[in-house]
Amino acid sequence: MEEKDLQSVEYFVKREVLDELCLDEVAQKETWSTKLTLGDQVKEPLRCSVPRLKHILLTWVPVLSWLPRYSIRENALGDLISGCSVGIMHLPQGMAYALLASLRPVYGLYTSLFPVLVYFIFGTSRHISIGTFAVISIMVGSVTERLAPDSNFIVNGTNGTETVDIDKRDAYRVQVACSLTVLTGIFQILLGVVRFGFVVTYLSEPLIRGYTTGSACHVCVSQLKYLFGITPSRFTGPLSLIYVIAATIITHFCELPSKYNIDVVGEIPSGLKAPRAPDTTFFSGVIGDAFAVAIVGFAINISLSKTFGLKYGYKVDSNQELVALGLSNTIGGFFHCYSVTSSLSRSLVQESTGGKTQVAGVISSIIVLITVLKIGPLFEDLPKAVLSTIVFVNLKGMFKQFMDVSLLWKTNKVDLLVWLVTFISTIVLNLDLGLAVSVAFSMLTFIFRTQLPRYSILGNLPGTELYLDTDTYKEAKEIPGIKIFRSSATIYYTNAEMFLEVLQEKTGIEIGKLLSAKKKRDAKQKRRQEKEKKKTKKEAKKQSLSCTFSLKESQMNIETVSERTKGERNGNSVDFSMTETATDGLHKGQMNLAYEPDITMSDSDSATGSDHITEFSRHGDEEKKRACKSGTHSIILDISTTSFVDTVTVKTLKNIFRDFGEVDLDIYLAGCQACVVEQLEAADFFSASIPKSRLFITVHDAVLYIRKKQWKAYFVLGQNVPRTTQRLKC
């Protein structure tokens, strides 16, 4: 009942109609600039002060801002329980995911130790658990297997058989993985320093979920060999998933292995290895893979970080997260770790068991450190099949993402298409090429969405100042003589031409035909005027010859009369033939020839011109009525959805004002954002032909202005004002 009462609240606003010039005056638009000059922008970062140094230090090393205020009473117990729980999870997951990276299990334990400590210092999220992750592990594994395949380490056995030198192969793969990890970290640090954290926004949620689901399938298939205890040939590149599956089936059902020994974890050396610089010679071969791992790892990390940040009300800095993750990878690469990111399963455990800060991560690292130093040998007899089972269990959440298909089918089919293309390309083309294809396809969908916006003709909702799509709202009525056109997307170079085409289609005004008809009328009018001018000249010439002949005849008559007069004088008699001749001469138009052609020409031109102007106006009105079936005299372009304008947009709008103005149609703009007005001013859009008074703050202001202008025109002409004009209130 209360909501119904609130919905029935009415309001009344009384103000003048505001165009852009009036708005600048009423709202007192700032004309000064608050932006720093280029010199000041260069000097500003170089200025040194104690508060500035403190701010920089706390920004780049976030632990210094929250650790001094750490509340032992409120947080210690929760972080302790959470850290122990997550540390216990790190042990099996670290060893299991190391197998995905084609490394020995102990390297998974190293990866669960050092990067967590680095993130504790530089990270901004309080709840995520950094360490090994299935998707990143399988991406690293695809690189290590490609650069260090078994075929490169075959040696001759004692009985003439060929075997693989496992120790040498694994050592080489560790070098590859560490080099890849360091290069990945460098990419992430550079992106964070240049404030490029927004790059992850181009990886939409459907893309990320489709990619992780496809990666889960790769992870699942990669564990079949450990689950069944078989060793099929390795494949990399496109269609590798299909070849693995086929080789596993053939190997298992044909009983190719001669022995059915259970494969176990093997030796886990006690203690930590000394740090070692990565082999930079691998950088050129893994640069593309490193960038892909950097982007995917950051996308997974920032999505989880912001989820927990929103839930618990603290800010997560995406750029600082890039730096923190990059440092975790770079420093970890020196300590025999491979690429890391946050894990959904461990993060949920860390949050649900009471973890409040990254102190829980430090405690989990202590658990892993104790395992590596003291109790690692206890895991040496752990079957790899058990680790594979752990991997399968942790993939449960990813496989649940198949439910996205039914949900996206109901909500957004374009996002569904992105999900399916990402999933299929990841399965078929492997992880690196699959990601590239997925991102490219996602960008294409964005381009198509901006290329195919929704265009609407707006109508007024009676009794309000609201203007709605006439195709959607039945009660929205078009205002006679006025077309209000709106695009749902920003107008820029990719859709500017379509904007003009749909404008003509929606308004029923084909500007090309109107301009062509106008040119034909102008050409026809010009030819008619030239014809009349020639005709007038011809008549004037004929009249001139007639006058010349009459003048000569008059001179002859005068001479004759003179002789007669002279004779009559002598004979005292008078003859009136001169008077009659003179009278006849004047009656025939005998006058000063210097003025006669001009008077004749002026009269002829005046009469002809008047007839042509009337006829031209009549033809123009008929043509206009024929083209504009609804009697449109004004068009309002609602560009409130436009957030920026480029040079193509400015040129398109100028052409619209020019072309429609040539056929006596007035164009108005409405709803421009302040930044768009500034861009239009910078592009010299406004001029004498396009004054700023054609720009109104709302559609309703523009409509009222047009109606007032129309009302004045009717008043001047002495006609009755249309009822629609009388009904429209300010």
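**Figure 1. The salt bridge between Arg-209 and Asp-404 in the predicted model.** In this predicted model, Arg-209 pairs with Asp-404 in a salt bridge whose closest N and O atoms are 2.5 Å apart. Arg-209 belongs to helix H11 (residues 205-222) and Asp-404 to helix H20 (residues 404-411), so the pair ties together parts that are 195 residues apart in sequence. Arg-209 is partly exposed, with a relative accessible area of 26%, whereas Asp-404, at 11% relative accessibility, counts as buried.

**Figure 2. The salt bridge between Arg-104 and Asp-167, and the network that includes both residues.** The closest N and O atoms of Arg-104 and Asp-167 are 2.5 Å apart, and the two residues form a salt bridge. Because Arg-104 lies in the loop between helix H6 (72-100) and helix H7 (105-111), while Asp-167 lies in helix H10 (residues 166-193), the pair ties together parts that are 63 residues apart in sequence. Arg-104 is partly exposed, its relative accessible area being 31%, and Asp-167 is exposed, with a value of 52%. Both residues belong to a network of salt bridges that also links Asp-150, Arg-169, Asp-170 and Arg-173. The structure as a whole holds 20 salt bridges.

**Figure 3. The salt bridge between Asp-638 and Arg-486, which joins two strands.** Here the closest N and O atoms of Asp-638 and Arg-486 are 3.9 Å apart. Asp-638 sits in strand S8 (residues 634-638) and Arg-486 in strand S7 (residues 482-487), and the pair links parts of the chain that are 152 residues apart. Asp-638 counts as buried at 8% relative accessibility, while Arg-486, at 26%, counts as partly exposed.

**Figure 4. Helix H14 and the kink centred on Asp-289.** Helix H14 (residues 283-312) has 30 residues and reaches 40 Å from its first C-alpha to its last, which is close to the 44 Å expected at 1.5 Å a residue. Within H14 there is a kink of about 35 degrees, centred on Asp-289. Just after this helix, Gly-313 takes a positive phi of about 75 degrees.

Figure 5. Over residues 97-122 the chain is 77% helix and 0% strand, with its end C-alpha atoms 25 Å apart. Over residues 416-448 the chain is 100% helix and 0% strand, and the end C-alpha atoms are 15 Å apart.

Key: Residues numbered from 1 in each chain as written. Predicted model: local features only at pLDDT ≥ 70, side-chain atom pairs only at ≥ 80, totals over all residues. Heavy atoms only, no water. Helix = DSSP H or I, 4+ residues; strand = E, 2+ residues; numbered from the N terminus. Expected span 1.5 Å × (residues − 1). Bend = angle between axes of the 7 residues up to and from the residue. Salt bridge = Lys/Arg side-chain N within 4 Å of Asp/Glu carboxyl O. Buried < 20%, exposed > 50% of the residue type's maximum accessible area, 1.4 Å probe, protein only.
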